[in-house]
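Here are my notebook entries from an afternoon of looking things up.

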Amino acid sequence: MGIDNKDTSYDSLYKAFEERIELLAKLPKMDEDNSIEKVIKENGFSRRDFMQWAGMVTAMLSLPSTFTPLMAEAVKVADRLPIIWLHMAECTGCSESLLRSANPSIDSLIFDYISLEYHETLMAASGWQAEQNLENAMHKYKGRYILMVEGGIPTGNEGSFLTIGGHGKKGKDIAIDAANDAAAIFAIGTCSSFGGVQAAAPNPTGAVPLSKVTNKTVINVPGCPPSEKNIVGTLLHYLLYGTLPALDVFNRPKWAYRLRIHDLCERRGHFDAGEFVQQFGDEGAKDGYCLYKVGCKGPYTFNNCSKQKFNQGTSWPVQTGFGCMGCSEPDFWDTMGTVNEPLKDRLYHTAFGGLGADATADKIGIGILTVTAIGIVAHAAIAVIKPPKEGE
Ligand code: SF4
Ligand code: F3S
């Protein structure tokens, strides 16, 4: 059962969510002795912390606060959705960022609680047994499981650059088979969403995004890595609605990737005032000036990093003093230029009748990376006219 996410009536949405949670609650628990309350308590969180977190996720998914108790109920039945997590060509950074923190957040604890039926990094099994586990899980939960795939899919030399397990099965074939019987498919991270570093020129292994090897719809959750909030939020959205979220032109959930980094950035006032860090360590850097001139690609990147942050919500790249690299955009290794240099010639509409904070990837389109700019060049010119600060 899926809910039409275009339905704007909160009353009927609330009812539909209740019915879906009831339905899921009737499915067998993965572990009768486990509960989200237990997991939360064992990790030092109170019920109040949990409800605060549920309120935050509710707001993140653009639902009214009256839905918070329902969100908490939804998390309780999250263990009824079996998940198969595949590793393709990647660094495991997406899994690591979610699961291996010294002080796990409630987001990462949700992953302790859900039913991860197969995850090569986490499971005890290896070799033949691991292969068998995957086949068993795909068979047992056919048509019901959520498939999460981390990593690009090598297709060069007929896919033989990535073989897995004792039978030497090609990664490409495993991904296709697993996608065929999945209820929903999430590409976790930029490699799986867009090819990532594996697909960067000259792309010797012919790595492609997951969406290129399956004809089923793939929800992309890009980022290098994506934030735990974007992964967990996408999962909870599916849990509540049972349908795809609203997606942008690159199949990213709009609730997370609707706005540009630049439009949500705490340094934006400095950009507008023409106050730029000229080089790392200068006076402007100490004063938190805009990082555009030292290579920030925030104006071309759609993600919610400044709002949701990383490392238990403590920080995000621009806050640390290093610009955004554009890691949630397609082909960012090839299209975002040199890391510490600005993309002076790229389109960024702002002051000249252009697109401001409400601009989405849909409105701007893929052409953003190919058209000559005026906005940023104008701002860069202002910075040249302004007298430099002492030490610049
Ligand atoms: Fe923030 Fe980067 Fe935009 Fe400057 S260019 S305001 S640092 S996102
Ligand atoms: Fe990536 Fe930029 Fe966020 S580099 S993590 S999209 S600030």
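**Second largest pocket.** I sorted the lining of the second largest pocket by class and got 12 nonpolar, 4 polar and no charged residues. For these classes, Ala, Val, Leu, Ile, Met, Phe, Trp, Tyr, Cys and Pro count as nonpolar, Asp, Glu, Lys and Arg as charged, and the others, Gly among them, as polar. The lining comes to 16 residues, with Cys224, Pro317, Cys324, Met325 and Cys327 nearest the centre. I used a 1 Å grid over the protein atoms alone: a cavity is a set of points where a 1.4 Å probe fits but cannot get out, a pocket is an open set with protein on both sides within 12 Å along at least five of seven lines, and lining residues have an atom within 4 Å of a point. I noted a volume of about 270 Å³ for this pocket, a volume being the space filled by probe spheres set on the points, which are joined across faces, edges and corners.

**Ground rules.** This is a predicted model, in which local features need pLDDT of at least 70 and side-chain atom pairs count only at pLDDT 80 or more, while totals for chains, interfaces and linings use all residues; side-chain values use heavy atoms, without hydrogens and water. Residues are numbered from 1 along each chain as its sequence is written, with chains lettered from A and ligands numbered from 1 in the order in which they are written.

**Ligands.** What sits in the second largest pocket? I found ligand 2 there, where sitting means that more than half of a molecule's atoms lie within 2 Å of the grid points. Among the residues around ligand 2 are Ile261, Thr301, Asn303, Phe310, Trp316 and Ser328; to be near, a residue needs one heavy atom within 4 Å. The shell of ligand 2 divides into 8 nonpolar, 4 polar and no charged residues.

Ligand 1 sits in the largest cavity. I listed 13 residues around ligand 1, with His262, Cys265, Cys290, Leu291 and Cys296 coming nearest. The shell of ligand 1 has 9 nonpolar, 2 polar and 2 charged residues.

**Cis peptides.** I looked up the bond between Ala201 and Pro202 and found it cis, with omega about 10°. Pro202 lies in the loop between helix H10 (190-194) and strand E8 (207-208); helices (H or I, at least four residues) and strands (E, at least two) are DSSP runs, numbered from the N terminus. The bond from Cys224 to Pro225 is also cis, with omega near 5°, and Pro225 is in the loop between E9 and helix H11 (228-241).

**Positive phi.** Glu158, not a glycine, has a positive phi of about 55°, and I placed it in helix H8 (residues 156-159). Is Glu158 buried or exposed? Glu158 counts as exposed because its relative accessibility is 63%, the cut-offs being buried under 20%, exposed over 50% and partly exposed in between (1.4 Å probe, protein chains only). Asn251 has a positive phi too, about 60°; Asn251 is partly exposed at 27%.

Asn220, in strand E9 (residues 219-221), is buried at 4% relative accessibility. Beyond four places in sequence, Asn220 touches residues including Ala187, Phe194, Asn251 and Tyr257, contact being heavy atoms within 4.5 Å. Lys229, in helix H11, is buried at 10%. Leaving aside neighbours within four places, I found Lys229 in contact with Met56, Met60, Asp107, Trp255 and Gln308.
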